[in-house]
Amino acid sequence: MEISIRSKELKLTVVDMQVFDGTQSYSFAAQNLWHRMIPLYHSWVGLQTAMHKYDLVSEQVVFYFNCQKHGKHLDDLPNEWEKMGEVSCDETLLDNADIVILPPNNGFLWDLAWDMELRCHDSIMFKSFASLFVDKSSRVEPTEPMGCLISRKGRPNRRVQNWNETLTMMKEVFPRVQVLTLTQYHTTDETVRILQDCRVLFGVHGAGHSNALFTRPGVAVVEMIGNAKPAYFRNINMLLGQYYESIQGDSAHGMSGLYMVNLTEAKGALARANEHTRLWIQSHGHWR
């Protein structure tokens, strides 16, 4: 990360998003929410570092994207950026800026992606980032428990072969079951509304589990990881202080192949997750 101070006036701060061009961790308007979240979080951390550690608070903050290089327009940006602040494709901003921030383009969440040994805990910083998108402190009366199954329809890998049987099993655990098919075309507000009644988020490893960022603080997440050991979503939930459990789901597959869900294993994990949410509501007196 680099922070360049060009003037003492501190009227304009530009976060130069070009640092992500051509890197593994960033894809312009990617369908994959995990890949979209990386530059969001890294650029937010860079800005917070400048503001709090170095007391560099300017009147205006702009996130600059080289739209011409990518043949894109501002309308093509992932909708999450509307929660981050002002965005622009105007290259002259770099020349006129009082502060230019090059956020880190690696580390952070990528460093957690495969570290199953690292025991993450509640992170005030990561929770503050999540609060840009959803108010986790709001309170409403709880509804009937809902289990939410993440769909990977249209994806070549890690789709569920015994889909109907899995849905039937979930209906034995939850009074209500919802299939989640969230895409990059959903706004963050739409995503939050869709997820607000989900007590338990369940599915095969994939970017859909990144949506735990937009869920309630009492949510429980159950992820099927097969014979692989990805830590992406376990660590996100640990940072958010949310309940998480991983199960194999299908011991024959990991990051590729079609999943045949072990219904007995999954049902036990979902029952434990559902019980966690019941106790959370009992303790807090509300859901949201």
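**Sheets, disulfides and buried residues of the predicted model**

UniProt places the feature "domain: Glycosyltransferase 61 catalytic" at residues 121–222, in an unreviewed entry; UniProt positions are given in the numbering used here, feature names are shortened, and annotations may be inferred rather than shown by experiment. The structure is a predicted model, in which local features need pLDDT of at least 70 and side-chain atom pairs count only at pLDDT 80 or more, while totals for chains, interfaces and linings use all residues. Residues are numbered from 1 along each chain as its sequence is written, and side-chain values use heavy atoms, with hydrogens and water left out.

Over residues 121–222 the chain is 25% helix and 18% strand, and the end C-alpha atoms are 18 Å apart. Helices (H or I, at least four residues) and strands (E, at least two) are DSSP runs, numbered from the N terminus. Strands of a sheet pair through backbone hydrogen bonds, either parallel or antiparallel. Here two strands are taken to pair if DSSP finds at least two bridges between them.

An open sheet with parallel pairing is formed by five strands in the order S7-S6-S8-S9-S10. Strand S7 (176–180) and strand S10 (243–247) each have a single partner strand, so one side of each of these edge strands is left without a neighbour in the sheet. From one strand to the next, the twist averages 20°; for such angles, axes are lines fitted to C-alpha atoms, for helices over the stretch in contact, and angles run from 0 to 180 degrees between N-to-C directions. Strand S9 (residues 220–224) runs parallel to S10 and is joined to S10 by five bridges. Glu-223 has Ser-246 in S10 as its bridge partner. Helix H10 (residues 263–284) packs on this sheet, touching strand S8 (200–204), S9 and S10, and the direction of H10 makes about 175° with that of S10. Contact means heavy atoms within 4.5 Å.

Helix H10 also meets helix H7 (residues 163–173): the two axes come within 10 Å and cross at roughly 35°. The crossing of H7 and H10 is right-handed; a crossing is left-handed if the near helix is turned anticlockwise from the far one by less than a right angle, and right-handed if clockwise. The residues of H7 that take part include Met-169, Met-170 and Val-173, and those of H10 include Leu-263, Leu-270 and Asn-274.

A second open sheet of five strands has the order S1-S5-S2-S3-S4, with mixed pairing. Its edge strands are strand S1 (2–5) and S4, each of which pairs on one side only. The twist in this sheet averages 25° from one strand to the next. Strand S2 (residues 12–16) and strand S5 (residues 99–102) pair in the parallel sense over three bridges, and Val-14 stands opposite Val-100 in S5.

With a disulfide defined as a pair of cysteine sulfur atoms within 2.5 Å, the count comes to two disulfides. In one of them, the sulfur atoms of Cys-67 and Cys-89 are 1.8 Å apart, and the link is left-handed, with -45° about the S-S bond. Cys-67 lies in helix H2 (residues 67–70) and Cys-89 in the loop between strand S4 (86–88) and helix H4 (92–96), so the pair ties together parts that are 22 residues apart in sequence. Buried means under 20% relative accessible area, exposed over 50%, and partly exposed in between (1.4 Å probe, protein chains only). Cys-67 is buried at 4%, whereas Cys-89 is partly exposed at 29%.

The disulfide of Cys-148 and Cys-198 has its sulfur atoms 2.0 Å apart. Cys-148 lies in strand S6 (residues 146–150) and Cys-198 in the loop between helix H8 (188–195) and S8, so this pair ties together parts that are 50 residues apart in sequence. Both Cys-148 and Cys-198 are buried.

His-205 is placed in the loop between S8 and S9 and is buried, with 4% relative accessibility. Not counting residues up to four places away in sequence, His-205 touches residues including Arg-152, Arg-158, Glu-223 and Tyr-232. Arg-158 itself is found in the loop between S6 and H7 and is buried at 11% relative accessibility. Most residues other than glycine have a negative phi. The phi of Arg-158, however, is positive, near 55°. Asp-55, in the loop between helix H1 (33–53) and strand S3 (60–64), also is not a glycine and has a positive phi of about 55°; Asp-55 is exposed, with a relative accessible area of 59%.
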